[in-house]
Amino acid sequence: MDGGTVRASLIQIGVDPDETVEARRARAAALVRERTASDLVVLPELWTVGAFSFDSFEAGAEPVDGPTARALSEAAREARVWLHAGSIVERAAGPGGPDGPDGPDGTALYNTSLVFSPDGELAASYRKIHRFGFDRGEATLMSAGAEPVTVALPGTTLGLATCYDLRFPELFRALTDAGAQALVIPAGWPARRASHWSLLARARAVENQAYVLACGTAGTHADVPQAGRSVIVDPWGETLAEAPDAEERVVTADLDPAYVAKVREEFPVLRDRVLR
């Protein structure tokens, strides 16, 4: 991190149904290793199995110290970057929440994001709070997380959210109140709602006066074309970098935590909140 700025890269990795999970895991780790000039690298939601590949969730589930975590921990350490490794289908011991299903042997599945330090240590994990599906898909197969999560990097603090969470501004208010200056949102967002993705990413940046790093996937998940269009938005709502399509790409921009403080001081809208 040079002079207080944070160089962030979003890897809009493709999910090809003909590629094995093992091959994609190795390819993602290799892509991370290439980002040695970055300080923070972000991968998308459920890139190992595909966010809409519901039939793969059970077989693709793994613990937070499973093969994906091990591969990405090593990649973060070798590249010397902070790595938001996107999310995995986590299998956790014990039952899920009151509205979540139990898996075999009393375990539960979660849509869980993992953040690794440049030493390869697991710095934070976040279980997705808002599950998508309207009584189908993820909403019926996974349990919900319960707590907002932030993670402190040198010079800035990240607030963690995942895909469908983007539609719930109260979560982002909670993250901002907890000190977040940058909001990281891995996703598997469908192409047919791409306009919502771009609009909501900018809205969350403007209303929280924070950077937004929204990383989507390329390709198609279970016949659902992905939006791609990974984007980095600054605290004034200006787009710093954006993928133009759903091809596999890397999107990079420099974040200045001092600019967050400047915007919040010069236009102190957060101070004027009444309802909390």
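How many bridges join strand 3 to strand 4, and do the two run parallel or antiparallel? Three bridges join strand 3, residues 40–42, to strand 4, residues 82–92, and the two strands run parallel. Within that pair, V41 stands opposite L83 in strand 4.

Before I go on, a word on the basis of all this. This is a predicted model, in which local features need pLDDT of at least 70 and side-chain atom pairs count only at pLDDT 80 or more, while totals for chains, interfaces and linings use all residues. Residues are numbered from 1 along each chain as its sequence is written, and side-chain values use heavy atoms, with hydrogens and water left out.

L114 has S125 in strand 6 as its bridge partner, and in the hairpin, which has five residues between the strands, G120 takes a positive phi near 85°.

There is also an open sheet of three strands, in the order 2-11-12, and its pairing is mixed as well. Here strand 2 (14–15) and strand 12 (224–225) are the edge strands. Strand 11 is joined to strand 12 by two bridges, and the two run antiparallel, with T220 standing opposite P225 in strand 12.

Now the helices. Helix 5, residues 169–177, and helix 6, residues 194–208, pack at an angle of about 40°, with their axes 10 Å apart; the axes are lines fitted to C-alpha atoms over the stretch in contact, and angles run from 0 to 180 degrees between N-to-C directions. That makes helix 5 oblique to helix 6, because angles under 35 degrees count as roughly parallel, over 145 as roughly antiparallel, 65 to 115 as roughly perpendicular and the rest as oblique.

On a 1 Å grid over the protein atoms alone, a cavity is a set of points where a 1.4 Å probe fits but cannot get out, and a pocket is an open set with protein on both sides within 12 Å along at least five of seven lines; lining residues have an atom within 4 Å of a point. Grid points are joined across faces, edges and corners, and a volume is the space filled by probe spheres set on the points.

The largest pocket has a volume of about 210 Å³. Its lining has 16 residues, of which P17, R24, V49, S53 and S56 lie nearest its centre. Helix 1 (21–33) and strand 11 (218–221) each supply at least two lining residues, and helix 1 gives the most, with three.

As for cavities, the count comes to one of 30 Å³ or more, and about 160 Å³ of space lies in the largest cavity. Of the 15 residues that line the largest cavity, F52, K128, F132, C163 and G188 are the closest to its centre.

Notes. Helices (H or I, at least four residues) and strands (E, at least two) are DSSP runs, numbered from the N terminus. Two strands pair if DSSP finds at least two bridges between them.
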